[in-house]
Amino acid sequence: MKKSNILKKWHPAEMINGDLYLISLSDDQENGLQISFEIESIEPNLVFDFGFHTLYYQNQNENSSLKIIDDYGITGNWSLFTVEKSDLIDWIVKNSYHIVSKENVQHFIFLHADGLINVLSAHEPKVYQQKQTY
């Protein structure tokens, strides 16, 4: 039996440990998908800019993602993961009638204080810090 959904800690940037708090998730015609987090007691915010490379994303609150978090085996205090042998990628490939090739898709997971975000993308996001404007 093939083992699927193998999580690997993802280290996209030098990131100070702490809980992630979702500030915004934006998908628009100007910038594509951008996800912004506040890190506990740290300025500035951390932005993950996927641009227009996203095939799929899903944002679930904590209550609706408890079993998924358990199934993935997420424990400890790390918040960023990539997934190898992803069932979600297999599902997207199947639903595209194999127009999408699984070799060209990456699965990212963001565990934040209020839930879980899954992103399937053709490229790793650009990651940068941005001061919050009030």
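**Figure 1. Charged side chains of the predicted model.** In this predicted model, the chain bears 10 positive and 18 negative side chains. The centres of the two sets are separated by 11 Å. The accessible surface amounts to about 8300 Å², and carbon and sulfur atoms account for 48% of that area.

**Figure 2. Secondary structure and overall dimensions of the chain.** The chain contains 2 helices and 9 strands, which follow one another along the sequence in the pattern β-β-β-β-β-α-β-α-β-β-β. The radius of gyration is 15 Å, close to the 14 Å given by the globule rule for 134 residues, so the chain is as compact as a globular protein of that length. Along the principal axes, the C-alpha atoms fill a box of roughly 45 × 35 × 25 Å. Of the 134 residues, 39% count as buried. Among contacts between residues at least 6 apart in sequence, 64% join residues at least 24 apart.

**Figure 3. The buried side of helix H1.** Helix H1 spans residues 62–72, and Ser65, Ile69 and Tyr72 are buried within this helix. These residues lie on the same side of H1 because they cover an arc of only 60° around the axis. The elements that cover them include strand E1 (6–9), strand E5 (54–61), strand E7 (106–112) and strand E8 (115–121).

**Figure 4. The exposed face and the end of helix H1.** Asn63, Lys67, Asp70 and Asp71 are exposed on the face of H1 that is turned away from its buried side. Just after H1, Gly73 adopts a positive phi of about 80°.

Methods. Residues are numbered from 1 along each chain as its sequence is written. This is a predicted model: local features need pLDDT of at least 70, side-chain atom pairs count only at pLDDT 80 or more; totals for chains, interfaces and linings use all residues. Side-chain values use heavy atoms; hydrogens and water are left out. Buried means under 20% relative accessible area, exposed over 50%, partly exposed in between (1.4 Å probe, protein chains only). Helices (H or I, at least four residues) and strands (E, at least two) are DSSP runs, numbered from the N terminus. The arc is that of the directions from the helix axis to the C-beta atoms. Contact means heavy atoms within 4.5 Å. The radius of gyration is taken over C-alpha atoms; the globule rule is 2.2 Å times the number of residues to the power 0.38. Accessible areas come from the Shrake-Rupley method with a 1.4 Å probe; for residues, only the protein chains shown count as cover. Lys and Arg count as positive and Asp and Glu as negative; His and the chain ends are not counted. The place of a charge is taken as NZ of Lys, CZ of Arg, CG of Asp or CD of Glu.
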